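This report describes one structure in plain terms. Please look at the sequence and the 3D view before reading on.

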Amino acid sequence: ALLSRPAGRLRARRGLAAGPEMHFGFQTVTEEERREKIYQVFESVAKKYDVMNDSMTLGIHRVWKDILMHKMNPSPGTLLLDVAGGTGDIAFRFINYVRSIREQQLQRKLKHHQNLSWQEIFESYQKDKFNSLGDSQVVVCDINREMLKVGKQKAQHLGYSEGLSWVLGNAEELPFDNDKFDVYTIAFGIRNVTRIDLALQEAYRVLKPGGRFLCLEFSHVSNPLLSRLYDLYSFQVIPVLGEVIAGDWKSYQYLVESIRRFPPQEELKAMIEDVGFFKVDYENLNFGIVAIHSGFKL
Amino acid sequence: EEEEEEEEEGWHQLYPGHIPTSLLQKALLAAGSAVMALYDPYRHDMVAVLGETTGCLALPNLRDKMKNHPEGYHILQERPRIRLSTVDMARLQGLPDGSLGREYVRFLEDNKVSPDTRMPPKFVDDEELAYVIQRYREVHDLMHTLLGMPTNMLGEVVVKWFEAVQTGLPMCVLGAAFGPVRLSTRKLQVLATELVPWAIRSGLNASCVLNVYYEQRWEQPVESLREELGIFPPP
C-alpha cells in the first residue's frame, strides 16, 4: 500500500536511480535522494528552528529536553556526545546541569572545611573555579553545516564556551574512536537518519563500556481520541505555522509525515536491543507524543 | 501506521508549486498571514498567501470577466507571462517616451524593481484561477505605470485602493485599509483628500484592467491607454 503513491510508481518505473527505495515523509525516494532532501530541509529551517520548535510545541519541547537531562543525571566529569545536536539545546542543558551539580559539590566541600583560614578557603575556591564543569565535556555532532552554524552563534550569544566542541559528522558514520563517550544522546534527530540501524551501531561503538544511550524522539500515541487530535493538530496547524513563521510549508509537512513513519516505541526498543544494548527501556512523555529510549553498553 | 488519503495532499498537485490545502488550513493561513503581514511588512510572501487564501470569490469573478471579454479571453487562452525572460526590455527601452513600454521600463528602473520577484501561487486550488492571480501580480507594476504611482508606501496604498475597487480581492481591500497605518499625517491627508478619491473614481470608471493584453500594446501611449480604459489623469 505504501508504494502505491503516484510519485513512487513514477520513480519505480524510472527504476534507474541507484539504491533501495525509502520514505521521505510520505514520498518514496532512494537513499541518496532522502539524505539530500533532509539536508535541504534542515538547511532551510536552521535559522528559524528554535522559533518553530517553540511555536509548534508551545514551548513544551523545552520541558521534554529538561526531562531528558534529569534522566541522564550526569555527574561532573562526564563526557557526552550529542548527535544531531544542531542548535545546541541538549549541550547547553548538559553544561548547566553539571555546572550546578559542581557548585553544589563545592558548597558541600566548603561546609566541611569550617576550620580553614580565609586564605585556605580562598585558595581552594580558586582551584576549583577553573574547573567549574569538573572536566565534563560535550561534543555536539551534526551532519548539517547550517544547523551547526546556528548552534555556535547561540553558544557565543549565551556565553557557552568551556567544555563544548562542535563537530561536523554523520550519525551513520561517526568521526570518533571506539569506546570514547560516557553518554550518547540523540534528541529529535534519529528520525531524520536514513539508516537508523547504522546510527545505533555507531552509538554502540563510540560508547565506553558502561556507557548510556539516550534517544528523545517523537513516537506513537496509542490513545485513539488523543491520536486523532494530535493528527489534526499536526497536519492542519503545523504546516501552516511553517508557512507563516518560516515561509516554508514543505519542510514542516515533511516533519509531521516523518513522525508518522518513524517506528513506534516497541519497535525502536527492539532495534536498540539488536545492536547490543542492554536494559533497554522507554518512557512515554505526553501519552507517547514523545518517548525517551535508554540503553546501556556493557 | 498508514495515513488516510486526505493527508496525502501532495498527490493532487494541479500546477507546479501547488500545495493543496483543506478549508481549515486555508482559514488558518488567512488569519496567520494577515497577522504576519501586518507585523512584518517585509513579508511579501504573506501578502501573497493572504491573497490566495481569501480570493475564492473574487478570483472566479475576475476569471469570468476575462472570459466574457475578447481581449481577456485571448489572455486566458495564451497565458502570457511578464518576466524578464519573456519581455524584451531592450526593445521597450527604445520605444518613444510616453509609450507604455518606455514608461514601464522607466518605472522599473526608477524604483529598482523587477517583474521576476512576483510570488508564484501555491494555495489556489484551480489551475486557471492560479493563472488569474499570477496575471494580477504581474500586471501590478503596469498598474503603477498607468497610475503614475511610485513604489513607496504611499504609492502602494493608492494602487491598492485602485486594485481593491477593480478586483474585489479581499487582500487588496485589507491592504488599502491597513496600509495607511504606517503613513505620516501629512501623507495621510494627501491620501485622503486627493489620491484615494481619484483612485476609487478611476477604479470604478475603468474597465477591467486584466482584460488588457499589455504585451501587444507596448507602443501605445500611456495617456491613450488610460483614456481607453477610463482611468482619470493622476492628480
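Chain A of this predicted model contains 11 helices and 9 strands. Of its 298 residues, 51% count as buried. Among the contacts in chain A with a separation of 6 or more, 73% are between residues 24 or more positions apart.

**Helix 10 of chain A**

Helix 10 of chain A covers residues 249-261. With 13 residues at 1.5 Å a residue, helix 10 of chain A should span 18 Å, and its end C-alpha atoms are 19 Å apart, which agrees. A residue counts as buried when its relative accessible area is under 20%. In helix 10 of chain A, 12 of the 13 residues are buried, so this helix is largely enclosed by the rest of the structure. The buried residues include Trp249(A), Tyr252(A), Leu255(A) and Ile259(A), and also Glu257(A), Arg260(A) and Arg261(A).

What do the buried residues of helix 10 of chain A pack against? Within chain A, their partners are strand 1 (21-24), helix 2 (31-45), helix 3 (49-57), strand 7 (207-218) and helix 9 (224-246). They also pack against helix 1 (23-39) of chain B.

Most residues other than glycine have a negative phi. Leu58(A) has a positive phi, near 50 degrees. Ala84(A), which is not a glycine, also has a positive phi, of about 55 degrees.

| Residue | Relative accessible area | Class |
|---|---|---|
| Leu58(A) | 69% | exposed |
| Ala84(A) | 28% | partly exposed |
| Gln137(A) | 39% | partly exposed |

Leu58(A) sits in the loop between helix 3 and helix 4 (60-72) of chain A. Ala84(A) lies in the loop that runs between strand 3 (79-83) and helix 5 (89-112) of chain A. Gln137(A), by contrast, belongs to strand 4 (residues 137-142) of chain A.

Leaving aside residues up to four places away in sequence, Gln137(A) touches Thr78(A), Leu79(A), Leu80(A), Phe94(A) and Gly163(A). Gln137(A) and Gln153(A) are 16 residues apart in sequence, and their C-alpha atoms are 19 Å apart in space.

**Nonpolar cores**

The largest nonpolar core has 59 residues, and Leu146(B) and Tyr214(B) have the most contacts inside it. Helix 7 (residues 127-147) of chain B gives the most to this core, with 11 residues. Which residues does Leu146(B) touch, not counting those up to four places away in sequence? They are Leu100(B), Tyr214(B), Val222(B), Leu225(B), Arg226(B), Leu229(B) and Ile231(B). A second, separate core has 54 residues, among them Val45(A), Leu133(A), Ala187(A) and Tyr230(A).

**A helix pair in chain B**

Two packed helices are described by the angle between their axes and the distance between the axes. In chain B, the axes of helix 8 (residues 153-167) and helix 9 (residues 170-178) come within 8 Å and cross at roughly 145 degrees. The crossing of helix 8 of chain B with helix 9 of chain B is left-handed.

On the side of helix 8 of chain B, the residues in contact are Val157(B), Lys160(B), Trp161(B), Glu163(B), Ala164(B) and Thr167(B). They meet Met171(B), Cys172(B), Val173(B), Gly175(B) and Ala176(B) in helix 9 of chain B. By class, this contact has 7 nonpolar, 2 polar and 2 charged residues.

Notes:
Residues numbered from 1 in each chain as written. Chains lettered and ligands numbered in written order. Predicted model: local features only at pLDDT ≥ 70, side-chain atom pairs only at ≥ 80, totals over all residues. Heavy atoms only, no water. Axes fitted to C-alpha atoms, helices over the stretch in contact; angles between N-to-C directions. Helix = DSSP H or I, 4+ residues; strand = E, 2+ residues; numbered from the N terminus. Left-handed = near helix turned anticlockwise from the far one by under 90°. Contact = heavy atoms within 4.5 Å. Nonpolar A, V, L, I, M, F, W, Y, C, P; charged D, E, K, R; others polar. Expected span 1.5 Å × (residues − 1). Buried < 20%, exposed > 50% of the residue type's maximum accessible area, 1.4 Å probe, protein only. Core = buried A, V, L, I, M, F, W, Y, C linked by side-chain atoms within 4.5 Å.
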